[in-house]
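This report examines selected local features of one protein structure. Please consult the sequence and coordinates alongside the text.

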Amino acid sequence: MKVPNSRLILPAVAVGLFAFLILLAPWRGPDRSYGAKPGGLPAADLAGFSSVAPIDAHAHLYKDDPAFGDLFKRLNLRILDICVIDDRDPYAKGLEPQRGDVLKVRRVTDGRAAFCTTFSPYDFESPGFAQRTIQQLDADFAAGAIAVKIYKVMGMEMKSKAGKYVMPDDPAFEPIYKHIAAQHRTVVAHIAEPDSCWQAPNPASPDYEYYKQNPQEYAYAHPEWPSKAAILAARDHLVAENPTLRVIGAHLGSMEADVNQMAQRFDRYPNFAVDTAARVPYFMLQPREKVRAFLIKYQDRILYATDIVVMPKDDTAKALAEFNDTYARDWKFFASDQMVEFKGHNYQGLALPAPVLRKIFHDNAVHWLPGIMGKP
Ligand SMILES: [Zn+2]
């Protein structure tokens, strides 16, 4: 077969591939490693980020490589390092080995990774459940835990012996929430999922790949699960029932599609805030001026966060690049008016005022997560 103009096709393919990689780079990251070199100052695009003493209020760093400590120091960064229990995930079946791994990470980062513990909700019907859980939490608080994660298995997986789905406001959990409030710790509530979890597969959705890879978490394939509205109502109920408990709704409190849903909760519940973990693109997908006005109005209620996951066996260089690239992209989006690319579309950055950036990237975490700055 004759290949016409092969000398022209090859460079064209190479240029195309290069352009494609450039497009992909700010989102996928592992090929880029700027700022990931040991020592030195952060790369130019992270200088503004570093200057606010940023806090990533939602990450899962389980690998205790000192390179992460070096990166955090260079970026002047702190993270909330979150444990999660999910019996569908071999690493997350129990609190160990995560708890041990997070404590090691805290050590190698010189305390820049703060410990967020969790508890197993699965045996909530067994006698003494609340008392046992409180004992475990007290041990974790003594070990420095500043927050407690609750997870979407409440409402989307767990069933009672009677066959009913167990909601996050189940009375079995109430003494635990009361205790967390009394100990001045914070609850990080990953309850429900994005709307897309209940919708038919849509390649344009930010979550399309996730549910493809995790079909067991895809509500669309489980019509027997409670509705999203019912799960969020239970979450709201627990927030209302515990007015002295600080609750941070992870992933924009699963109200990612419309900022008005968050505004409504912020107006109703002074003890409620949200983190942006894994949901920054949803701000891009809504009208820019609406999102900008929302972030300015509720500037005390939004905590910057990524949801970056680094497992003990993951490649350190790749993970460092992912931290760098995610922070660079997000800072560009929140702080500048430059274009940011997501799934083939360009979105203009929000150019938020400096005092608002300072709150979202630092102050709010200090307020909502007492202890995040380490021991005074
Ligand atoms: Zn997470």
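The sections below treat the metal site, the cysteines, a helix pair and the backbone.

## Zinc site

The model is predicted. Its zinc ion has three protein donors, namely NE2 of His 58, NE2 of His 60 and OD of Asp 307, at 2.1 to 2.2 Å from the metal. Along the chain, these donors follow the spacing H-x1-H-x246-D. His 58 belongs to strand S1 (residues 55-61), whereas Asp 307 sits in the loop between strand S8 (302-303) and strand S9 (309-310), so this pair ties together parts that are 249 residues apart in sequence.

His 58 has a relative accessibility of 0% and therefore counts as buried.

## Cysteines

A disulfide is a covalent bond between the sulfur atoms of two cysteines.

Cys 83 is buried, at 0% relative accessibility. Cys 197 is likewise buried, its relative accessible area being 0%.

## Packing of H11 and H13

Helix H11 (residues 259-268) packs with helix H13 (residues 288-297) at an angle of about 20°, and their axes are 10 Å apart. The two helices, H11 and H13, are therefore roughly parallel to each other, and their crossing is left-handed.

On the H11 side, the residues in contact are Val 259, Asn 260, Met 262, Ala 263 and Phe 266. Their counterparts in H13 are Lys 290, Val 291 and Phe 294.

## Backbone exceptions

Most residues other than glycine have a negative phi, and most peptide bonds are trans.

Pro 97 is located in the loop between strand S2 (78-82) and helix H4 (98-108).

Ala 278 is placed in the loop between strand S7 (272-275) and helix H12 (280-285); at 36% relative accessibility, Ala 278 counts as partly exposed.

Terms used. Residues are numbered from 1 along each chain as its sequence is written. This is a predicted model: local features need pLDDT of at least 70, side-chain atom pairs count only at pLDDT 80 or more; totals for chains, interfaces and linings use all residues. Side-chain values use heavy atoms; hydrogens and water are left out. Donors are N, O and S atoms within 2.8 Å of the metal (3.2 Å for Na, K and Ca); water is not among the atoms, so sites may look incomplete. Helices (H or I, at least four residues) and strands (E, at least two) are DSSP runs, numbered from the N terminus. Buried means under 20% relative accessible area, exposed over 50%, partly exposed in between (1.4 Å probe, protein chains only). Axes are lines fitted to C-alpha atoms, for helices over the stretch in contact, and angles run from 0 to 180 degrees between N-to-C directions. Angles under 35 degrees count as roughly parallel, over 145 as roughly antiparallel, 65 to 115 as roughly perpendicular and the rest as oblique. A crossing is left-handed if the near helix is turned anticlockwise from the far one by less than a right angle, and right-handed if clockwise. Contact means heavy atoms within 4.5 Å.
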